[in-house]
Amino acid sequence: RACPAGGPGAMAQARVLLTQEPAPQAVPASELPMKVCEVALNTGPDSSSGLATAGFRTAKYLLPEWHQSNAALYHKAFIACEQAERGRAEAKELAEHAAATAQRAQQDSTATLGQRLQDIHFWKTELQKEIEDLDAETGLLAAQKLRLERALSATEVPYAIATDNLQCRERRQPPDLVSDEVERELLKEAELIRNIQELLKRTLMQAGNQIRLNRDQKEVCEMDWSDKVETYNIDDKCGRYSNQSTNIQFHPGSVKFEESASTPETWAKFSHDNIYRAEREKLASINLRALIDNILHDVSEDLRMQCAAVNEAFAKHCEELDDTKHKLEHHLKKILKEIGDQEANIAALKQAIKDKEAPVKVAQTRLYDRSFRPNVELCRDEAQFRLISEAEELMESIESLKKKLLESEQSLTNLEDTRMNLEKEIAVKTNSIFIDRQKCMAHRTRYPVVLKLAGY
């Protein structure tokens, strides 16, 4: 069919609309509603409606209808192109925005991971320092505990010496078996050593408990540190991931929060509490080490002072024993001399008594012979009186000599008893001196030195 008169103009107008750039939109582009063109078919005065006789023209479009249909198609194509172009621009803008958003989000996540790595490194470093400090402190406390054990072992020798001294002194003989200053000092020394041993045992238990607490807290910090190291490696690996990494893949189920997950506050508080408890145990360990130092110093000083006191008491007592023994020996020497003199005196007395026998015989013989004078010659003359007086004087002298002889013999007996007592007492003193000096004081030379008593 021939084109209508208005056809070329309409086509030119359509080309202009199709080729010309669309005017910039002041409002955001959005999809326009589809324009619905309703074309009235077979209506109007020129329609073929009702012309049943012209059957070959029935149901055909009119020329205006055709132009209207084409115009509708042009308009529809224009709208479709405009919508497609707008959609492409929006898609490009959306893709660029999504790419920028994704890049910015990834950078933010990487920066956040970097900050998190710094936080983890900080706590990891603090934990590592605390672990090293606690380990070093535990080693120092273990060394102090070893000193305590050595000091406790060193007290066995002084205790054995003190008890041996007491047992040895039990073998003293009366009257030297006396509760003297030496025995009091020895009993004080034995009691002091027993108290020191109890103190060292209690301190040993306390040190063992503190070492156990230190190691337990160190283990807690090590577990926390190990978790931090593992987490640091994981976050470091995550921070190194990029879009070009070859070991990345989809994990849809990972985009969630774990119910048991901690918060940054509880996470930091956990490590802070661990470090706080470790510091508290370390401080307790330091204080205990200082206490052990003081205890060992005081213990060694007390033992040495008491040992010096016992030795001084022994020396003083031995001097007293020596002085007493010398005095006894001096008196024994005098007694022995006196015994010798008394024995000579007794011998002289016996000789004197014996020497009086002849004069007595002479006097008594004279008196006897004069008793035979006859008759009146038996006279009580001066000679008779003198002979009787001589005989009586001689008998009195003999009696006096015999009495003195008995006294001298009794004195000699007393001297002998005194000599025996002196000799016995000298033997007792010699035994006491032997026990105190040769047994006790010689044994005390094995007393440990101050450094050994202090646990070194």
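From the N terminus on, the chain you have open runs α-α-α-α-α-α-α-α. That makes 8 helices and 0 strands, where helices (H or I, at least four residues) and strands (E, at least two) are DSSP runs, numbered from the N terminus. This is a predicted model, in which local features need pLDDT of at least 70 and side-chain atom pairs count only at pLDDT 80 or more, while totals for chains, interfaces and linings use all residues. Residues are numbered from 1 along each chain as its sequence is written, and side-chain values use heavy atoms, with hydrogens and water left out.

**The whole chain**

Of the 456 residues in the chain, 29% are buried. Here buried means under 20% relative accessible area, exposed means over 50%, and partly exposed is in between (1.4 Å probe, protein chains only). Now think about contacts, meaning heavy atoms within 4.5 Å. Among those between residues at least 6 apart in sequence, 88% join residues at least 24 apart.

**Stop 1: arginine 116**

Select arginine 116 in helix H2 (residues 63–154). Which residues does arginine 116 contact, leaving aside its neighbours within four places in sequence? They are Asp235 and Trp267. Show tyrosine 232 as well: arginine 116 and tyrosine 232 are 116 residues apart in sequence, yet their C-alpha atoms are 8.7 Å apart in space. Arginine 116 counts as partly exposed because its relative accessibility is 26%.

**Stop 2: helix H5 and the coiled-coil record**

Next, select residues 318–352. The unreviewed UniProt entry places the feature "coiled-coil region" here and at residues 388–432. UniProt positions are given in the numbering used here, feature names are shortened, and annotations may be inferred rather than shown by experiment. In the model, residues 318–352 are 100% helix and 0% strand, with the end C-alpha atoms 50 Å apart.

Stay here and pick out aspartate 323 and lysine 327. Side chains of opposite charge can pair when their charged atoms come close. Aspartate 323 forms a salt bridge with lysine 327, the closest N and O atoms being 3.3 Å apart. A salt bridge is a side-chain nitrogen of Lys or Arg within 4 Å of a carboxyl oxygen of Asp or Glu. About one helical turn separates aspartate 323 and lysine 327, because they are 4 residues apart in helix H5 (residues 264–355). At 39% relative accessibility, aspartate 323 is partly exposed.

**Stop 3**

How many salt bridges does a search of the whole structure find? It finds 32. For a linked set, select Lys129, Glu130, Asp133, Glu279 and Lys282, which are joined in a network of salt bridges.

Then move to helix H7, where lysine 429 and glutamate 425 sit 4 residues apart, about one turn of the helix. Their salt bridge has its closest N and O atoms 2.3 Å apart.

**Stop 4: around glutamine 384**

Glutamine 384 also lies in helix H7, and its 16% relative accessibility counts as buried. Not counting residues up to four places away in sequence, glutamine 384 touches Leu367, Arg370, Arg373 and Cys379. Follow arginine 373 onward: it forms a salt bridge with aspartate 381, the closest N and O atoms being 3.5 Å apart. Arginine 373 is buried, at 18% relative accessibility, whereas aspartate 381 is partly exposed, at 23%.

**Stop 5: the cysteines**

The structure holds 0 disulfides, a disulfide being a pair of cysteine sulfur atoms within 2.5 Å. For cysteine 168, the nearest cysteine sulfur is that of cysteine 440, 5.0 Å away. Cysteine 168 is buried, at 6% relative accessibility, while cysteine 238 is partly exposed, at 30%.

**Last stop: a nonpolar patch**

Finish with Val449, Leu451 and Tyr456, which form a nonpolar patch on the surface with about 360 Å² of accessible area together. Patches are made of residues with over 30% relative accessible area and no salt bridge: like charges are joined within 9 Å, and nonpolar side chains (Val, Leu, Ile, Met, Phe, Trp, Tyr) within 5 Å. Valine 449 is in the loop between helix H7 (382–443) and helix H8 (450–453), and its 53% relative accessibility makes it exposed.

Notes
Accessible areas come from the Shrake-Rupley method with a 1.4 Å probe; for residues, only the protein chains shown count as cover.
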